[in-house]
Amino acid sequence: MRAVSLFRRDDAATDDHIVLLRDVAWSDYQRHLEQRGEEPVPRFAYLEGTLELMTPSRQHETLKSMIGRLVETFCLERGIEFSPLGSWTLENKTSERGAEPDECYVFGTVADPARPD
């Protein structure tokens, strides 16, 4: 079963594991998010009926952390106020879009409710 293997993390994997599902309703996307719960993988991206399931590789995780450090160092060096928010599920039902960035930030003053830039 391919879908079951996506939920197990393979720390030796050198490539991201990606599965695309087409003609997926928004409600199905929501159901997948609910079933996954607070687990970090698989990550989901939804765009107008296409659902991407991705289990990131070790290399992916290393690169995202390095890029995050660069962003944070740049902001600290330039005196740019920022708040790191980590990974966050961003959804817009009206435009049928949903994504989970590896890292996200609010630059400037954090509004309430906070939304990453």
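Me: Which residues of H2 are buried?
Reply: This is a predicted model in which local features need pLDDT of at least 70, side-chain atom pairs count only at pLDDT 80 or more, and totals for chains, interfaces and linings use all residues. Residues are numbered from 1 along each chain as its sequence is written, and side-chain values use heavy atoms, with hydrogens and water left out. Helices (H or I, at least four residues) and strands (E, at least two) are DSSP runs, numbered from the N terminus; buried means under 20% relative accessible area, exposed over 50%, and partly exposed in between (1.4 Å probe, protein chains only). The buried residues of H2 are Trp26, Tyr29, Leu33 and Arg36.

Me: What covers the buried residues of H2?
Reply: Look for contacts here, meaning heavy atoms within 4.5 Å. The cover over H2's buried residues includes E2, E3, strand E5 (90–92) and strand E6 (97–99).

Me: What does valine 24 touch?
Reply: Valine 24 is one of the residues in that largest core. Leaving aside residues up to four places away in sequence, valine 24 touches Tyr29, Tyr46, Gly49 and Leu51.

Me: How many residues does H3 have, and what does it span?
Reply: H3 runs over residues 58–78. The expected span of a helix is 1.5 Å times one less than its number of residues, and for H3 that expectation is 30 Å. From first C-alpha to last, H3 comes close to it, with 21 residues reaching 30 Å.

Me: Where are the buried residues of H3, on the same side or on opposite sides?
Reply: The buried ones are His60, Glu61, Lys64, Gly68 and Cys75. Their arc around the axis is only 95 degrees, so they are on the same side of H3.

Me: Is cysteine 75 buried or exposed?
Reply: Searching the whole structure turns up zero disulfides, a disulfide being a pair of cysteine sulfur atoms within 2.5 Å. Cysteine 75 has 2% relative accessibility, so it counts as buried.

Me: How many bridges join E2 to E3?
Reply: Two strands pair if DSSP finds at least two bridges between them. E2 and E3 run antiparallel, and arginine 43 stands opposite methionine 54 in E3. The number of bridges joining E2 to E3 is five.

Me: What is the phi of glutamate 48?
Reply: Most residues other than glycine have a negative phi, and most peptide bonds are trans. Glutamate 48 lies in the loop between E2 and E3, and it counts as exposed because its relative accessibility is 52%. Its phi is positive, near 45 degrees.

Me: Which residues does a cis peptide bond join?
Reply: Go to the loop between H2 (26–36) and E2 (43–47), where proline 42 has its place. With omega at about 0 degrees, the cis peptide bond joins valine 41 and proline 42.

Me: What separates the C-alpha atoms of glutamate 81 and phenylalanine 107?
Reply: Glutamate 81 is in the loop between H3 and E4. Among the residues it touches are Val106 and Phe107. Glutamate 81 and phenylalanine 107 are 26 residues apart along the chain, yet their C-alpha atoms are separated by 5.8 Å.

Key
Arc of directions from axis to C-beta. Core = buried A, V, L, I, M, F, W, Y, C linked by side-chain atoms within 4.5 Å.
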